[in-house]
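Work through the exercises below with the sequence and the model at hand. Each task is followed by a solution in steps.

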Amino acid sequence: MVGSVKEVTPDFKNADLIRKGAYVNGKWIENAAETFEVTDPATLKVIATLPDQPLEAVYEAIDAAETSFRSYKKTGPRQRAQLLRKLYDLMMENVDDLARIITWENGKAFAEAQGEVKYAASYFEWYAEEAVRMYGTTIQPSNTANRAMTVRQPVGVCGIICPWNFPSAMITRKAGAALAAGCTVVIKPDAQTPLSALAMARLVEQAGFPAGAFNVVLTATRTPEFGLALCESSKVKKVSFTGSTNVGKILMKQSASTMKKLSFELGGNAPVIVFEDADLEQAVTQTMLSKFRGLGQTCVCANRIYVQRSVIDKFAESLAEKVNAFVIGHGLDPKTTHGCLINENAIKKVEDHVKDALEKGAKTVVAGGRRTDLGPHFFAPTVLSYVPATAKVNKEETFGPLCALIPFDTAEEVVGYANDTELGLASYVFSQNINTIYTVAEALETGMVSCNTGLFTDCAIPFGGVKESGFGREGSLHGIEDYTVIKTITIGNLPSPL
């Protein structure tokens with residue numbers, strides 16, 4: 001693994017996308033008593049100074065969203081579809097600049113950031129098409145003189161709390177559905193990666209959405225207070241959160257006082273199961289794509305890689321060859337295939353899991369480790385084989401570039417390993433036997449099972465987990481449902497049919 005890092009300043013074609021303040025009620029707010037700095041994680045260079053808003057800013061945004069909702073909910077679905085389609089077009093027109101922003105604040109490689117932007121934009125396109133398809137039902141009650149029907153209506157103001165690892169896509173998956181349904185949103189991005197949310201707000205403004213429909217509030221020091229305000233406000237009818245399970249549980253408790261609607265996409269600890277009859281080269285390539293996307297900083301990335309004992313050595317050898325070809329460097333360097341981790345804590349967790357596995361008998365295949373020659377947050381991927389089932393990586397989500405290969409012998413054994421966790425977001429199965437694929441996929445306790453591919457996310461499929469990985473679904477025909485309520489309308493005492 002080779003690479004070099006240098007100070008890189010993005011060459012933006014549309015510098016207007018770099019905003020300097022929050023966006024509330026159609027206005028840009030750059031002034032605040034306090035500020036916070038956004039840094040390039042590859043160099044720690046300050047790339048933006050933004051207002052660290054007071055708590056009152058959240059309530060102002062909620063009020064603006066509520067006022068806007070009163071009129072926005074009455075817009076026709078075709079009109080909402082046209083606005084979303086315009087927003088999709090604007091994102092696609094600015095793909096490279098939006099990708100540069102992601103790389104600048106997040107650290108992922110530019111090509112990967114481009115992929116995120118296109119993926120993010122696809123949700124606006126998808127929900128532009130779904131906005132006109134919120135169907136109800138007709139029902140024949142037992143009373144023959146009555147008729148009943150259901151309609152879906154927007155739930156109201158939605159609070160959206162997003163993480164740093166997909167600073168664009170985590171917003172569009174939620175906001176696209178909300179805006180399509182006729183809801184308005186208050187977005188709280190992670191303080192490490194707020195520039196993508198602000199760039200999106202600028203495009204929302206250009207697309208012509210009404211003031212107050214899309215709001216972005218900023219803080220680095222009051223995140224718990226901002227979250228509490230969104231959860232406890234009676235004006236906010238739904239909260240959607242992507243992040244850790246522990247924080248999700250806190251938000252759920254805080255939302256109980258108003259009984260608001262919730263959808264949570266929480267922690268993952270994704271198992272990969274590679275059977276001896278799999279296309280091994282395909283399994284290696286696809287596992288690598290899953291494991292090292294964002295250097296392992298994704299909720300659905302491979303965390304525990306179970307390889308049938310008869311092929312584990314061959315699998316490890318092939319994987320090591322591919323990993324050693326990675327080019328580690330600044331994400332904006334065109335030669336870079338993999339960038340840096342988000343912060344020092346991320347590196348420490350990877351190091352802790354590596355140390356624990358080695359102490360318990362794992363074998364080193366690719367040593368990896370810190371790359372201080374490149375910068376403070378660079379970590380070359382580590383590959384370990386024969387990791388014991390007692391290692392921490394089996395129970396905890398690493399969220400970093402540790403590839404832990406764990407041997408197994410039978411299908412029953414490995415399904416037991418895979419399901420032995422409180423989490424249940426995604427899982428992966430590799431086999432050329434359809435019976436194995438089907439029976440194992442049904443037995444795995446996860447919301448999503450990906451078979452013979454490491455990259456499965458798409459706006460057309462429902463995304464979400466079970467157990468302590470959360471509830472609710474994003475994307476697909478089901479995604480808009482979480483931003484609506486079902487109303488039943490009954491007409492009674494009708495005359496007998498003619």
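Angles under 35 degrees count as roughly parallel, over 145 as roughly antiparallel, 65 to 115 as roughly perpendicular and the rest as oblique. Axes are lines fitted to C-alpha atoms, for helices over the stretch in contact, and angles run from 0 to 180 degrees between N-to-C directions. Helices (H or I, at least four residues) and strands (E, at least two) are DSSP runs, numbered from the N terminus.

The model is predicted: local features need pLDDT of at least 70, side-chain atom pairs count only at pLDDT 80 or more, and totals for chains, interfaces and linings use all residues. Residues are numbered from 1 along each chain as its sequence is written, and side-chain values use heavy atoms, with hydrogens and water left out.

**Exercise 1.** Describe how helix 2 packs on helix 4.

Step 1. The axes of helix 2 (residues 77-93) and helix 4 (residues 110-130) lie 8 Å apart, at an angle of about 165°.
Step 2. The two helices, helix 2 and helix 4, are therefore roughly antiparallel.
Step 3. The crossing of helix 2 with helix 4 is left-handed (the near helix is turned anticlockwise from the far one by less than a right angle; clockwise would be right-handed).
Step 4. Contact means heavy atoms within 4.5 Å. On helix 2 the contact residues include Leu84, Tyr88 and Met91, and on helix 4 they include Ala120, Phe124 and Tyr127.
Step 5. By class, this contact of helix 2 with helix 4 has 12 nonpolar, one polar and three charged residues. Here Ala, Val, Leu, Ile, Met, Phe, Trp, Tyr, Cys and Pro count as nonpolar, Asp, Glu, Lys and Arg as charged, and the others, Gly among them, as polar.

**Exercise 2.** Which residues lie closest to the centre of the largest pocket, and which element gives the most to its lining?

Step 1. On a 1 Å grid over the protein atoms alone, a cavity is a set of points where a 1.4 Å probe fits but cannot get out, and a pocket is an open set with protein on both sides within 12 Å along at least five of seven lines; lining residues have an atom within 4 Å of a point. Grid points are joined across faces, edges and corners, and a volume is the space filled by probe spheres set on the points.
Step 2. The largest pocket has a volume of about 1100 Å³. Of its 41 lining residues, Trp164, Phe241, Gly243, Ser244 and Val247 are the closest to the centre.
Step 3. Helix 8 gives the most to this lining, with six residues.

**Exercise 3.** Describe the largest cavity.

Step 1. The volume of the largest cavity is about 90 Å³.
Step 2. Its lining includes Tyr119, Arg173, Glu265 and Arg293.
Step 3. By class, the lining of the largest cavity has six nonpolar, three polar and three charged residues.
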